[in-house]
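Welcome to a short tour of a protein model. Take a moment with the sequence and the 3D view, and then we will walk through them together.

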Amino acid sequence: MTLYGYAGKILRLDMTHRKAIAIDTEPYRRWGGGHGMGAALFWDYCKDKTITDGRHPANVCCVMTSPLCGTIVPSAGGRCEVVGVGVGQYPVSWFTRTNFGGRFSTMLKYAGWDGIVIEGRSDSPVWVDIRDGQVIFHDAQDLWGKDTWATQLEIRDLIKIRRGTKTHWRDLQALPLAKSDDPPGEDFGRTTQKPAILCIGPAGEHQTCHAALIHDAGNGAGQGGLGAVWGSKNLKAISVLGTGGIQVHDPKALLRARMITKEKYVTRWQAPDFQAWTRIGRLPNPIIQAAPPTDERRPQSCQGCINGCRSRYNVGYGNESACQETFWYGPYVRKVAKSRAEDTEINLKGADIVQKYGLNSFVLQPGLHWLEHLYEDGVLGPGRPIPSDLPWESIGTLDFAEKIVRALSTRTDIGADLADGWVQAALKWGREEDLHTGALQFSYWGVPEHGYDPRAELEWGYGSLMGDRDTNTHCFNYIFTNVSAAFAFGKPLRIGAEEMVNLHAKKMSPYAKDRPEVLDYSDANMYSEAVAQIVRWQQHYCRFYKNSALYCDLKWPDFVNTNVPDLEGATASPDAGEQVFWNAVTGDTLRFEDGIEIGRRIWNLDNAIWVLQGRHRDMVHFAPYIYKTVYNKGEVFPFFMWTCRDDDGKWHYKDLMGRSMDKAKFEEWKTIFYRLEGWDTKTGWPKRSTLEQMDMGFVADALQAAGRLGEEAS
Amino acid sequence: MNFSLSQPSEPLSRKILSPVPFKDRFPAGRLKPPVGILPGDVRSLPELHLFLEPDVASLPGINLKALAEWVEVSIGDKELAEAIRAIVDTAVNYVEDCLRVYEAVGVRLDQARGIIKENAV
């Protein structure tokens, strides 16, 4: 039977014995793809689910595609999900996830694989060479120590892939390094493509908590420290060349939905609306956080994307970097830059540095701020209580950027202490007070606050805490950015508060369908059942549609859309909603809410793994500063506008600066959340009845055997 | 908008062009969708000018009322502080106000650089 959208096989890499094993995708079909499939594979192949450090040899790391990868589904075809136990979180490194874009997942599908399961540990560095069905383990001693860009270039050279754009047909079999004594069991194809390579740099080799996986110049999977997991397994890189294709069930339906997206939901390029309030429908726009270095740029995007949020520049730096990494150094650069051009150059070269070292720059966003304060307060520096020989007096220069990234990547200087976790380092340095004052703003699970404070942006903060990491899901926070920008410019609001919440509620099936109160961010509502429902909805939506079907977080969901006369966005729509594309590719007859239910199943599997790792509701709390201080970012941005109801039930956009969080009330909210999820409210552990209702009795059995199954009476 | 600021003295010009101590830094963030609000601070008027330079991808985050106080107390430039207060008092909208402060700071920096250059000759 044809598995439309799927390649049909999953590749298991036994690193210990350097063996490649193919297994069928079909038994994992119920989990959709991406995260769902990866979690299910982790469940089956990780023999010790109590491990709490991803560098443990029992850890299993899955690199997963979705049925939509390699297709023309808008802003969904190029993402790739990575799961496994992470590194460096606090107090426990959970089973976690990360995600990157580009063309790796597409190439993996074209090579005939829906995902890769990485098990065990090699006794020396290797890189893995996948060409369609052939999988070769190569010695990587000569690659070890190289940065991520040099590694990828070296692999291309090793398999004689010509540099530049002048390319020609090559027989995969004729490329060097294929084992002559191990003939492939199938005909090899030909290609003009360059291999898609995913690799680690020095940060991963040294197994530091901020180690990322890097693909091409600027696609990174940062959160969770999965780069350290690869380093612990002595896996330097995976290179893939594929010559196959993907069978789409209903190509006409797929093209029709894609054209509807273009004609109906996306702003017209002939008369663009630069201020459109929509996610899928905005103009293609580079997400660079510094001024562009030049107008001479070409857009660069993930496979199948209709946006192209990255760029390649003729100046030769900053290529393919976008979003956070283009500004991790920004507040310091402007202390030394003499002009905007110099500011941009240092910021983008700073981005190149973290990409090459394979370092997740997200930790530096609040982390470097903390370190600077320690230096200025006389605590950190040469001969000080926290010794550091880095040139702190030159923070803001490119030289300092390279030196601190190198230290963090190679466990030298302060990098030695920070490699196993930033909160762990704070405790080691006797800086526990910084977790209480907010000097170190790592809000949950030992990871940084994102720029959307949990005391104001409830669904982000609560969702991160009930999950495993900074959620980094931008489902709703464009409300804040659009409305705040309109206020800042003194422009009329494109959509009023009441209409905004009603438009959302139309689409938030099943838990929040026609319940606009879930978007009431007011003080009076912040610990309510309604807010628990929006957190549930977002987690379940994301677990399936974003993390498993791999719709891009920055383009989906599309709740509201000012390009459409009735302002209804593409999400859940019968003409170009998420489920329409899924069904066209796979042949399923999924309703939008069926996807949410699959997401709920995946979320429950994740929670079961966390429970086996040791999670209990008593551990589920924010960093102390969240409860002890008020949200005072008013001094660094003037307003934080969210939809709120007043005492008369009328909707407004209201500034939430100055808010605090009550710990006791938040504990009550947790009880509501657990009850809605069907989990034991005393422990947060899943109940058998909940799991069996989702056909997950096998999970209940494992939890019961571990003595960690929730009580039914709770 | 024209800013008629009298020429600063040489000592004031030096202060205008110099960073203040860390303890006197002024908080200033940036809203950068989709990253969020990024905290930071400024320690000098040249840095403030760069910080306020218009940027299509983000918005500066700064408390303009408090800024006037900082310019007066920490930098020591009462006249520029008054110019900023005048901008705040005749507020148009936040972005426009930031632009006007950007221009005022630019004028002041040009004056200070001119004085230092003149006296160095």
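Two residues are in contact if their C-beta atoms, placed from the backbone, lie within 7 Å. With that in mind, the contact of chains A and B takes 32 residues from chain A and 29 residues from chain B. On the side of chain A that touches chain B, α7, α8, α9 and α15 of chain A each supply at least two residues. The largest share, five residues, comes from α15(A).

This is a predicted model: local features need pLDDT of at least 70, side-chain atom pairs count only at pLDDT 80 or more, and totals for chains, interfaces and linings use all residues. Residues are numbered from 1 along each chain as its sequence is written, while chains are lettered from A and ligands numbered from 1 in the order in which they are written.

Here are those helices of chain A:

| Helix of chain A | Residues |
|---|---|
| α7 | 330–336 |
| α8 | 340–357 |
| α9 | 364–376 |
| α15 | 478–489 |

Now for chain A as a whole. Its secondary structure comes to 23 helices and 20 strands; helices (H or I, at least four residues) and strands (E, at least two) are DSSP runs, numbered from the N terminus. The radius of gyration of chain A, taken over C-alpha atoms, is 24 Å, close to the 27 Å that the globule rule (2.2 Å times the number of residues to the power 0.38) gives for 714 residues, so chain A is as compact as a globular protein of that length. Along the principal axes, the C-alpha atoms of chain A fill a box of roughly 80 × 65 × 65 Å.

A residue is buried if 20 or more other C-beta atoms lie within 10 Å of its own, exposed if 12 or fewer, and partly exposed in between. Buried residues make up 59% of the 714 residues in chain A.

A:V128 stands opposite A:F137 in β8(A). Two residues lie between the strands, and A:D132 takes a positive phi near 50° in this hairpin.

Finally, is A:G86 buried or exposed? A:G86 is buried, because 30 other C-beta atoms lie within 10 Å. You can find A:G86 in the loop between β4 (80–85) and β5 (95–100) of chain A.

Notes
Pairing = 2+ DSSP bridges.
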